[in-house]
Amino acid sequence: MSALELRPEVATAPADGGMVLLDERSGRYYHLNGSGAEITRMLLDGADPGEAARRLAERYALAPERAAADVDALISALEGAGLVAP
């Protein structure tokens, strides 16, 4: 996966230090905390998962493996919710 692309029916908006995703197909809202929103913005802006993990590790002094696991978990959650474009 090179970068994240949300389905066209998914709208994003900043909210309480994080981000809200609205799936307009189902009407469901998803709230991302600050780090989840930061990762999502990086991926939407074209960073690949490895780059997003490196930036996250540097910013928050995380072990690279932990940052990579966090990025992978977020991507999996977004995919599982059907928010990511095929």
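**Close-up views of the predicted model**

View 1. T40 is placed in helix α1, which spans residues 34-44. The structure shown in this and the following views is a predicted model. T40 counts as buried because its relative accessibility is 0%, and buried means under 20%. Leaving aside residues up to four places away in sequence, T40 touches L4, M19, L32, L74 and L78.

View 2. Strand β2 (residues 18-23) pairs with strand β3 (residues 28-32) in the antiparallel sense, and five bridges are found between them.

**View 3. The salt bridge between E9 and R25.** The model contains six salt bridges. In the one formed by E9 and R25, the closest N and O atoms are 3.9 Å apart. E9 lies in the segment before β1 (10-15) and R25 in the loop between β2 and β3, so the pair ties together parts that are 16 residues apart in sequence. E9 is partly exposed, with a relative accessible area of 27%. R25 is also partly exposed, with a relative accessible area of 47%.

**View 4. The salt bridge between E38 and R59.** The side chains of E38 and R59 meet in a salt bridge, with an N to O distance of 3.5 Å. This pair links distant parts of the chain, since E38 belongs to helix α1 and R59 to helix α2 (residues 49-60), 21 residues apart. E38 counts as buried at 15% relative accessibility, whereas R59 counts as exposed at 58%. The assignments follow from the cut-offs, because buried means under 20% relative accessible area and exposed means over 50%.

View 5. A salt bridge joins the side chains of R66 and D70, at 3.2 Å from N to O. Both R66 and D70 lie in helix α3 (residues 64-80), where they are four residues apart, about one turn of the helix. D70 counts as partly exposed, at 25% relative accessibility. Elsewhere, salt bridges that share partners join E9, D23 and R25 into one network.

Terms used: Residues numbered from 1 in each chain as written. Predicted model: local features only at pLDDT ≥ 70, side-chain atom pairs only at ≥ 80, totals over all residues. Heavy atoms only, no water. Helix = DSSP H or I, 4+ residues; strand = E, 2+ residues; numbered from the N terminus. Buried < 20%, exposed > 50% of the residue type's maximum accessible area, 1.4 Å probe, protein only. Contact = heavy atoms within 4.5 Å. Pairing = 2+ DSSP bridges. Salt bridge = Lys/Arg side-chain N within 4 Å of Asp/Glu carboxyl O.
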